[in-house]
Amino acid sequence: MSISVAVGSILIVVNIYDTIVQVIIFWLGAAIGSFLNVVVYRVPAGLSVIWPPSRCPKCLHQLGMGENIPILGWLLLRGKCRHCRTPISSRYPLIEALTAVIFVIVYNRFGLSIQTIGYSLLMCWLLALTLIDLDTMTLPNPLTQSGLVLGLVFQFVAGYLDNNHSIVGSKEYLIQGILGMVLGIWIYDIILIVGSMMMGQAAQGGGDAKLMAMVGAWSSWKVVLLAGGLASVLAIGGFMAVAGYSTLKSGGKAGANKLIEPLPLGPFIALGATISLFGGDWLMATYQQSIQSPDRYLFAIPLLIVLIALLFWTRKMRLRSS
């Protein structure tokens, strides 16, 4: 009985410790999410992310300590500036909460390790670039380039720590990151060719190639290969959904016009990279099981038919827009 009580007490202590760690990580993520809001707003505008401190964009009142608390600050202010009563977008606390949740998820996946630190940083870069791409249709060089360099630094440090402080391990991880970076650029070129064939025009901008390279620098050729495939599928699905909705709502011409409008690919690359990092092993195992199944052709043939139909539909709609 005493042994059972002792074991139970230890488990309680461990659970309390883990809960405290997760709470700390949550609020750390929320604080970093607050900084990401500044990055998303200021970097595209060419402003410093350090100075001046956070302030109301209308009356320029500098936010105090109580007003600048992540998530809670917006709630306490009831979504309005305390001085001029200008509404504050709800996106700010949502991004802070999302970043906090992401940090907790990464911690639960990798524990207290260099991977938790590294992939949390990668998620910050991906989230900031996603929001900027949605807002401005651009992927700023300072973010993609700094993310790429930091990814290679992460590979070097992770290789050193994961291989008993061995420089050989650092070199292996660094080479892995460089190969992933190069493959990311090649995958972008393939997506560009396929997308241009479907659209009859260039499908992406140059920033997407740098983003793919950045993802590769943080991971490996397997992750970036899967991320590129998922990004393509997600982008096609999202693009067709928008065009199809416009067609049903406003008529064929409006839907066709959606096919010649620019589409931000950055969010799809970021989502594909996130899925690949956290669910890539499961997806690859599922894929290997499916291709070994005797019923694999029952799924492959309908999928091929759907893809061909989408290709012809896209071409037909593009002709109607011209």
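Helices here are DSSP runs of H or I with at least four residues, numbered from the N terminus. The model is predicted.

Q: Which helices each supply at least two residues of the lining of the second largest pocket?
A: They are α1 (2-42), α2 (72-76) and α3 (91-110). α1 gives the most, with five residues.

Q: What is the volume of the second largest pocket, and how many residues line it?
A: The volume is about 720 Å³. The lining has 30 residues. Nearest the centre lie S54, R55, P57, L63 and Y92.

Q: How does the lining of the second largest pocket divide into nonpolar, polar and charged residues?
A: There are 18 nonpolar, eight polar and four charged residues.

Q: Why is the aromatic pair of F110 and Y119 called tilted?
A: The centres are 5.1 Å apart, and a pair needs centres within 6.5 Å. The planes stand at 50 degrees. Stacked needs under 30 degrees and edge-to-face over 60, so the pair is tilted. The structure holds five aromatic pairs.

Q: What makes R109 a charge over the ring of F110?
A: The charged end of R109 is 4.6 Å from the ring centre. The distance limit is 6 Å, and the end must also lie within 35 degrees of the ring normal. R109 is listed as sitting over the ring of F110.

Q: Which residues do ring pairs link into a cluster?
A: The cluster holds F110, Y119, F154, W218 and F278.

Definitions and conventions: Residues numbered from 1 in each chain as written. Predicted model: local features only at pLDDT ≥ 70, side-chain atom pairs only at ≥ 80, totals over all residues. Heavy atoms only, no water. 1 Å grid on protein atoms, 1.4 Å probe; cavity = no way out; pocket = protein on both sides within 12 Å on 5 of 7 lines; lining within 4 Å. Points joined across faces, edges and corners; volume = space filled by probe spheres on them. Nonpolar A, V, L, I, M, F, W, Y, C, P; charged D, E, K, R; others polar. Phe/Tyr/Trp six-rings, centres within 6.5 Å; stacked < 30°, edge-to-face > 60°.
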